[in-house]
Amino acid sequence: MSEVDWIDVHHHAYHGRLADALAARGVTHMAPGVPVPSWAAADTLQVMAEHDLAAAVLSVLMPDAALLLPGAADLVRQTNEWTADVVREHPDRFGLLATLPLPDVTAALAEVEYAFDVLDADGVVLPASLPDGSVPGDPGLDPLLAELDRRGAVVFVHPNPGYRCSCTGAPDFAAAVPPPLVDFVMDTTRAVANMLFRGTLRRFPGIRFVLAHGGGTIPFLVGRWELARTWVLPGQDGSVREDLGRLYYETAQSSSSAALACVDAVAQPGHVLFGTDFPFMAGPVVGQTRREVAAYRPGIGGTGMALFPELRAIART
């Protein structure tokens with residue numbers, strides 16, 4: 001039996017039926033140059049076997065174009081049910097992070113209730129920016145965050161696949177530099193900054209936020225934000241470092257020793273989780289991520305069990 005039961009908390013499940021449903025609606029790409037993948041549970045089980053992963057927490061980021069079409073809530077519901085079916089077939093290998101039909105907050109609240117109370121979801125995915133331009137921390141999303149806080153939910157903050165950076169000044173920037181390379185990490189950074197400086201993180205302390213890709217640029221900016229607290233948050237007790245340390249950070253595309261050292265300097269002990277971003281990151285990258293994390297600190301591979309206790313890893317010899 002391995003010393004660490006590796007749990008991948010950043011693992012996407014773009015069911016073939018979802019890819020077909022999106023294509024029927026004219027949606028074929030997540031972002032420029034990033035087509036919607038077609039996935040099956042067998043793909044994940046194979047990569048897990050190849051790289052000695054015990055479990056994976058499945059999630060789906062719905063493209064903006066689909067969320068803005070009529071019937072978006074129905075498609076989200078179907079997607080969550082498809083993922084829940086996979087989890088029921090392999091309860092000790094998979095967990096479920098439910099998709100929400102945002103920016104419709106009323107529909108999202110209904111989906112939270114269904115996902116947790118009917119599908120036994122382990123948490124939800126919250127895009128770092130929404131199709132209507134809003135960002136987590138904006139007051140309009142407070143009813144949703146209040147419900148997630150009441151439930152003590154795990155909330156995976158992931159860059160919006162359809163995100164467009166509005167500050168590049170170059171209309172063809174995305175064509176030259178695909179959004180996953182720069183804009184995705186900035187999307188996550190902006191979302192957390194908004195929640196931090198609007199006081200959202202403190203108003204909803206029951207939410208256990210997990211930040212994709214090592215938290216974007218947050219580990220680099222924490223010192224700058226700590227200095228800014230003196231004039232952005234005058235008179236507020238505590239520190240930016242304490243607020244950010246309570247968040248969770250995962251390792252997808254952030255598994256080099258340098259990146260992990262930066263995350264380690266911010267996160268509280270046990271708050272760095274293993275993630276791979278499969279299938280956008282293919283099997284060889286999954287293996288590289290696992291090797292780099294193991295070389296840095298093998299125990300990171302199993303920290304996800306604290307957030308997802310329902311996962312009971314299979315014993316392996």
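Which backbone nitrogen does a side-chain oxygen of Asp-104 reach at the start of helix 5? In this predicted model, that oxygen of Asp-104 comes to within 3.2 Å of the backbone nitrogen of Thr-106.

**Helix 5**
- Helix 5 comprises 13 residues, 105-117, and extends 18 Å from its first C-alpha to its last, close to the 18 Å expected at 1.5 Å a residue.
- Its buried residues are Val-105, Ala-107, Ala-108, Glu-111, Val-112, Tyr-114, Ala-115 and Phe-116.

**Nonpolar core**
- The largest nonpolar core contains 99 residues.
- Leu-102, Leu-144, Leu-148, Val-155, Leu-244 and Tyr-249 have the most contacts inside this core.
- Beyond its neighbours within four places in sequence, Val-155 contacts Val-124, Leu-126, Leu-148, Ile-207, Arg-208, Phe-209 and Val-210.

- Ala-252 lies in the loop that links strand 9 (248-250) and helix 12 (257-264).
- Ala-252 is classed as buried because its relative accessible area is 0%, and the cut-off for burial is under 20%.
- Apart from residues up to four places away in sequence, Ala-252 touches His-10, His-213, Gly-275, Thr-276 and Asp-277.
- The C-alpha atoms of Ala-252 and Thr-289 are 7.2 Å apart, although the two residues are separated by 37 residues along the chain.

Methods
Residues are numbered from 1 along each chain as its sequence is written. This is a predicted model: local features need pLDDT of at least 70, side-chain atom pairs count only at pLDDT 80 or more; totals for chains, interfaces and linings use all residues. Side-chain values use heavy atoms; hydrogens and water are left out. Helices (H or I, at least four residues) and strands (E, at least two) are DSSP runs, numbered from the N terminus. Buried means under 20% relative accessible area, exposed over 50%, partly exposed in between (1.4 Å probe, protein chains only). Contact means heavy atoms within 4.5 Å. The expected span of a helix is 1.5 Å times one less than its number of residues. A polar contact is a pair of N or O atoms within 3.5 Å; within protein, one must be able to donate a hydrogen and the other to accept it, and residues adjacent in sequence count only if both atoms are side-chain atoms. A nonpolar core is a set of buried Ala, Val, Leu, Ile, Met, Phe, Trp, Tyr and Cys residues joined through side-chain atoms within 4.5 Å.
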